[in-house]
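This report describes the fold, the helix packing and a handful of individual residues. Keep the coordinates open while reading.

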Amino acid sequence: YHLGNADEILARLKMFFHGWMDENSFGGASANLSLCTILWIIFLREATYPPSQVEMVERWIDRIFHDDIAPIEDDFAIQVHSFVRDLVSHKLLGSIRKTINEFSTRPCVASIAIIDHMVVKLLVVDDVLLDTWNDHVVDGWYRSRVSPPSAFLARANEFIRDNVGSVQLLARVQTQ
């Protein structure tokens, strides 16, 4: 089963991006959502869930857009990691599960793998940026025994902001 009202989720994301662009002039993340969080939302929206999970994921996404409290990215990473365990399908799920199996001792590895694989997909035509992503953001985190998810997420948000940009993320949301 896919999440309930995908059109409503898409409309919220589009509204968020339009407001974000007006307020932030394509800067980093908005006051409420990081670029990594936006990628997680896109990923979760595209995924298929077992019937028992659909309502829980819908509520979680709804909370993101309606809570007045600023979300904490580390908490999102934990939650997204737990959702991946039960996913039925997603076009990136096979490669993400391979990464999960290879680096199973790393905390929130599913959440990190989602960001990694989605950015790689965005960079597929730019070998130089892809190498930079792999060398400076990804590889060190997977192989580290001490680097927390927050360190990866900080580097990833900075890289996406500086090299991918909110414009490509917006284009991705609008073409889904």
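## Helix packing

Helix H2 (residues 35-46) packs against helix H6 (residues 109-122) at an angle of about 90°, and their axes are 10 Å apart. That makes H2 roughly perpendicular to H6, a label for angles of 65 to 115 degrees; under 35 degrees counts as roughly parallel, over 145 as roughly antiparallel, and the rest as oblique. Axes are lines fitted to C-alpha atoms, for helices over the stretch in contact, and angles run from 0 to 180 degrees between N-to-C directions. Helices (H or I, at least four residues) and strands (E, at least two) are DSSP runs, numbered from the N terminus.

This is a predicted model: local features need pLDDT of at least 70, side-chain atom pairs count only at pLDDT 80 or more, and totals for chains, interfaces and linings use all residues. Residues are numbered from 1 along each chain as its sequence is written, and side-chain values use heavy atoms, with hydrogens and water left out.

Which residues bring H2 and H6 together? From H2 come Cys36, Leu39, Trp40, Ile42 and Phe43; from H6 come Ser111, Ile114, Ile115, Met118 and Val119. Contact means heavy atoms within 4.5 Å. The residues of this H2 and H6 contact divide into nine nonpolar, one polar and no charged. Here Ala, Val, Leu, Ile, Met, Phe, Trp, Tyr, Cys and Pro count as nonpolar, Asp, Glu, Lys and Arg as charged, and the others, Gly among them, as polar.

H4 also packs on H6, at an angle of about 90° with axes 7 Å apart. That makes H4 roughly perpendicular to H6. H4 supplies Ala77, Val80, His81 and Val84, and H6 supplies Val109, Ala110, Ser111 and Ile114. The residues of the H4 and H6 contact divide into six nonpolar, two polar and no charged.

## Overall fold and core

The chain has eight helices and zero strands. From the N terminus on, its elements run α-α-α-α-α-α-α-α. Of its 176 residues, 49% count as buried. Buried means under 20% relative accessible area, exposed over 50%, and partly exposed in between (1.4 Å probe, protein chains only). Among contacts between residues at least 6 apart in sequence, 72% join residues at least 24 apart. The chain exposes about 8800 Å², and carbon and sulfur atoms supply 52% of that area. Accessible areas come from the Shrake-Rupley method with a 1.4 Å probe; for residues, only the protein chains shown count as cover.

The largest nonpolar core has 51 residues. Such a core is a set of buried Ala, Val, Leu, Ile, Met, Phe, Trp, Tyr and Cys residues joined through side-chain atoms within 4.5 Å. Phe43, Val84, Ile115, Trp133 and Phe152 have the most contacts inside the largest core. The elements giving two or more residues to this core are H2, helix H3 (51-66), helix H4 (73-84), H5, H6, helix H7 (127-143) and helix H8 (149-175). H2 gives the largest share, nine residues.

Phe43 touches Val84, Leu87, His90, Leu92, Ile96, Ile114 and Met118, leaving aside residues up to four places away in sequence.

## Individual residues

Leu87 is found in the loop between H4 and H5. At 5% relative accessibility, Leu87 counts as buried. Leu87 touches Phe43, Ala47, Thr48, Tyr49, Leu93 and Arg97, again not counting residues up to four places away in sequence.

Thr48 sits in the loop between H2 and H3. Thr48 is buried, with a relative accessible area of 13%.

Val57 lies in helix H3 and is buried at 0% relative accessible area. Asn134 lies in helix H7 and counts as partly exposed at 29% relative accessibility.

| Residue pair | Separation in sequence | C-alpha to C-alpha distance |
|---|---|---|
| Leu87 and Ala47 | 40 residues | 7.0 Å |
| Thr48 and Lys91 | 43 residues | 9.9 Å |
| Val57 and Arg45 | twelve residues | 9.1 Å |
| Asn134 and Val120 | 14 residues | 8.8 Å |

One backbone angle deserves a look. Most residues other than glycine have a negative phi. Cys108 has a positive phi of about 55° although it is not a glycine. Cys108 is in the loop between helix H5 (93-102) and H6. Is Cys108 buried or exposed? Cys108 is buried, with a relative accessible area of 12%.
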